[in-house]
Amino acid sequence: QFAGFNLLGNAYARVNFLKDFTVATSFGFDQRVGNGSSFTYITFERAENQKNNAFNEFFFRGGSWTWTNSLQWGKTFAEKHDVKVFGAVESFLQQFRSVGASRQEYDFSDVNFVSINTGKSLQQNNGAPSTPRALFSVFGKAEYQFDDRYLLSFTMRRDAASVFGKEVQSATFPAVGAGWRISEEAFMQNNAFVTELKLRGGWGQMGSQRNVGETNAYSFYTAGVGTTGYDITGNNGGVVIGYRPSRIGNPRTKWETAEMVNIGVDATLLDGRIDFTFEYFSNTTKDLLVTAVANGLSPRVGQPQINVGEMTNKGIDGTIATRGDIGATGLSYDVAVTYTSYKNEATKLDADGVAFFESGGGRLCSIQRTQAGQPLSSFYGYEIEGLFQSQAEVDAHADMPYKRVGSWKIKDINGDGEINS
């Protein structure tokens with residue numbers, strides 16, 4: 001069971017001054033408090049039963065806040081030149097604190113009996129503040145528009161994240177865009193078919209820290225009687241508690257960067273009855289963030305997120321829509337058709353000694369693989385052609401493990417008469 005509440009809020013203020021300037025500030029917060037408990041029952045019907053019951057209870061509090069301050073200037077010159085400049089700084093901080101306790105071996109499982117005090121085993125307590133997660137950003141944008149026909153924009157942002165090591169915490173991400181409203185040209189003014197026609201394109205970069213934990217840059221050690229206790233003196237007088245690695249950090253992990261290129265056309269035809277949009281995009285993600293794969297000689301400890309290579313996404317998006325009224329019935333219609341096609345590929349993996357990354361499948365095996373030249377997280381495994389229906393079919397098939405009537409019939413892809421990988 002769980003009980004808690006969230007407190008959300010936001011304060012905003014804006015002031016216009018000197019005719020062309022606007023300054024604004026915004027402060028938002030998300031605070032949370034919660035308490036929960038769980039009881040694990042003894043099981044009897046499974047192959048791997050739960051032998052002891054257990055009770056766990058926890059309490060936490062914390063949250064995050066975001067503070068944004070911006071300044072904007074805009075002015076029109078000679079009625080045709082529109083210029084806007086925008087700049088801002090933003091700070092973000094998130095932190096939680098928790099405390100919990102657990103116990104095993106309860107004589108009764110009644111909800112009115114179970115508590116931390118009524119269990120018979122040694123009580124285990126834990127609690128600590130989480131490592132803060134902080135982000136500081138400085139960003140700006142400049143826009144120019146001529147005669148409502150030609151549009152140019154330039155954006156620059158610099159982000160610093162606490163989840164990375166000190167030498168790679170910050171990164172800069174620029175972007176440019178351009179647009180041409182062809183329908184505003186003189187040669188299009190008498191065109192009854194085209195109401196609005198715009199050609200646009202852009203290039204830009206965006207950073208990501210999406211799956212990097214707050215402690216990714218640091219290595220951690222743990223201690224406990226059952227895991228690091230040893231009678232090092234040899235006199236049977238008690239164990240000495242030492243430390244062992246519990247997690248490996250990587251202070252060199254840096255921002256993942258997505259580089260995007262897009263070209264598109266937007267059109268409105270027949271006085272607004274038909275809308276049409278088409279876009280080609282090509283996204284290249286550099287310094288992919290994935291969990292490191294430990295080799296067979298490494299200790300069994302947590303692994304950090306690392307940067308390993310590049311991935312591309314290329315494709316097209318298209319939409320066509322129409323709307324109108326159905327005679328004098330008072331009814332109207334709005335119909336749209338959307339088409340999307342893209343290709344995803346991991347173009348390079350450059351982690352030390354690793355040709356691919358595998359994931360998924362639980363106890364069975366890894367069923368997804370990422371390797372250069374293939375789509376990200378492709379399903380990887382044997383191809384099943386069906387089940388062996390007769391002994392003659394078993395004898396005629398390639399050599400493979402567990403080959404018998406009724407078992408899986410695995411496809412011999414390379415035709416060498418043996419299935420071994």
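**Asn-216**

I started with the contacts of Asn-216: leaving aside neighbours within four places in sequence, I find Val-163, Arg-247, Gly-249, Asn-250, Thr-253, Pro-304 and Gln-305. Contact here means heavy atoms within 4.5 Å. Before going on, I note that this is a predicted model, where local features need pLDDT of at least 70, side-chain atom pairs count only at pLDDT 80 or more, and totals for chains, interfaces and linings use all residues. Residues are numbered from 1 along each chain as its sequence is written, and side-chain values use heavy atoms, with hydrogens and water left out.

I placed Asn-216 in the loop between strand E9 (194–208) and strand E10 (220–222). The element labels are DSSP runs numbered from the N terminus, with helices (H or I) of at least four residues and strands (E) of at least two. Is Asn-216 buried or exposed? Asn-216 counts as buried because its relative accessible area is 0%. My cut-offs are under 20% relative accessible area for buried, over 50% for exposed, and partly exposed in between (1.4 Å probe, protein chains only). I also see a polar contact of 3.4 Å between the side chains of Asn-216 and Arg-247. That term needs a pair of N or O atoms within 3.5 Å; within protein, one must be able to donate a hydrogen and the other to accept it, and residues adjacent in sequence count only if both atoms are side-chain atoms.

**Cores**

Next I looked up the largest nonpolar core, which has 8 residues: Ala-161, Val-163, Phe-164, Ala-171, Phe-173, Val-212, Trp-255 and Leu-289. A core is a set of buried Ala, Val, Leu, Ile, Met, Phe, Trp, Tyr and Cys residues joined through side-chain atoms within 4.5 Å. Val-163 was already on my list as a contact of Asn-216. For Phe-173, again skipping neighbours within four places in sequence, I get contacts with Thr-155, Met-156, Arg-157, Asp-159, Gln-205, Met-206, Gly-207, Trp-255 and Thr-257. Another core, of 7 residues, lies apart from the largest one; Leu-288, Ala-292, Met-311 and Phe-357 are among its members.

**Salt bridges**

How many salt bridges does a search of the whole structure find? I get 20, taking a salt bridge as a side-chain nitrogen of Lys or Arg within 4 Å of a carboxyl oxygen of Asp or Glu. I went through three of them.

- Glu-214 pairs with Arg-133, with the closest N and O atoms 3.5 Å apart. The partners are 81 residues apart, Glu-214 in the loop between E9 and E10 and Arg-133 in strand E6 (residues 133–146). Glu-214 is partly exposed at 25% relative accessible area, while Arg-133 is buried at 15%.
- Arg-149 pairs with Glu-185 at 3.0 Å between the closest N and O atoms. Arg-149 sits in the loop between E6 and strand E7 (150–161), and Glu-185 in the loop between strand E8 (170–181) and E9, 36 residues apart. Both partners, Arg-149 and Glu-185, are buried.
- Glu-256 pairs with Arg-210 at 3.1 Å between the closest N and O atoms. I note Glu-256 as buried at 7% relative accessible area and Arg-210 as exposed at 54%.

I also noted a network: Asp-148, Arg-181, Glu-184 and Glu-196 are joined by salt bridges that share partners.

**Positive phi**

Ala-78 is not a glycine, yet I read a positive phi of about 50° there. Ala-78 is in the loop between strand E3 (54–77) and strand E4 (81–104), and is exposed with a relative accessible area of 66%. Leu-270, also not a glycine, has a positive phi of about 55°. Its loop runs between strand E14 (256–269) and strand E15 (274–286), and Leu-270 is partly exposed at 36% relative accessible area.

**Gln-95**

I found Gln-95 in strand E4, partly exposed at 33% relative accessibility. Not counting residues up to four places away in sequence, Gln-95 touches Gly-62, Gly-63, Pro-129, Ser-130 and Pro-132. What does the side chain of Gln-95 reach at 2.9 Å? My note says the backbone oxygen of Ser-130.
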